[in-house]
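Me: I would like to learn how to read a few features in a model like this one. Could you take me through them step by step?

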Amino acid sequence: GGGVKGGTSYGETDELGHEAAVDKHHIRDLHATLLHLMGLDHNKLTYFYGGLNQKLTGVQEAEVIRSLLA
């Protein structure tokens with residue numbers, strides 16, 4: 001393990017290729033997945049700004065896209 005599955009196609013777009021239609025994820029999920037691959041927990045990785053600890057993946061909950069992991 002420890003990487004992304006090689007040769008994997010993930011999700012589908014609409015017929016025009018304009019937006020995701022199957023296996024939709026927000027960019028914050030991709031960021032959480034990349035941080036996970038670097039051995040970092042996106043929930044614990046924060047920076048102090050405006051009097052609050054801010055997460056790199058934003059305020060809304062992000063999820064690691066487990067089906068991409070080898």
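Reply: Gladly, and let us start with accessibility. Buried means under 20% relative accessible area, exposed means over 50%, and partly exposed lies in between, with a 1.4 Å probe and protein chains only. Thr-13, at 47% relative accessibility, is therefore partly exposed. Bear in mind that this is a predicted model, where local features need pLDDT of at least 70, side-chain atom pairs count only at pLDDT 80 or more, and totals for chains, interfaces and linings use all residues. Residues are numbered from 1 along each chain as its sequence is written, and side-chain values use heavy atoms, with hydrogens and water left out.

Me: Where is Thr-13 placed, and which residues does Thr-13 touch, not counting residues up to four places away in sequence?

Reply: Helices (H or I, at least four residues) and strands (E, at least two) are DSSP runs, numbered from the N terminus. Thr-13 belongs to strand 1, residues 12–13. Contact means heavy atoms within 4.5 Å. Leaving aside residues up to four places away in sequence, Thr-13 touches Glu-19, Ala-20 and Ala-21.

Me: And Thr-57: is it buried or exposed?

Reply: Thr-57 has a relative accessible area of 6%, so it is buried. You will find Thr-57 in the segment after strand 4 (52–55). Beyond residues up to four places away in sequence, its contacts include Arg-28, Ala-32 and Leu-35.

Me: Which residues of helix 1 are buried?

Reply: In helix 1 (residues 27–37), they are Arg-28, Asp-29, Ala-32, Thr-33 and Leu-35. Viewed down the helix axis, these buried residues fall within an arc of 165°, so they line one face of helix 1. That arc is taken from the directions from the helix axis to the C-beta atoms. Just after helix 1, Gly-39 has a positive phi of about 85°.

Me: Which residues make the nonpolar surface patch?

Reply: Patches are made of residues with over 30% relative accessible area and no salt bridge; like charges are joined within 9 Å, and nonpolar side chains (Val, Leu, Ile, Met, Phe, Trp, Tyr) within 5 Å. Here Ile-27, Leu-30 and Leu-34 make a patch of about 250 Å². Ile-27 sits in helix 1 and is partly exposed, at 46% relative accessible area.

Me: How many salt bridges does the structure hold?

Reply: Side chains of opposite charge can pair when their charged atoms come close. A salt bridge is a side-chain nitrogen of Lys or Arg within 4 Å of a carboxyl oxygen of Asp or Glu. The structure holds one, joining Lys-55 and Glu-61 at 3.9 Å, N to O. Glu-61 is exposed, with a relative accessible area of 55%.

How values were computed. Areas by Shrake-Rupley, 256 points an atom, 1.4 Å probe, with all protein chains shown as cover.
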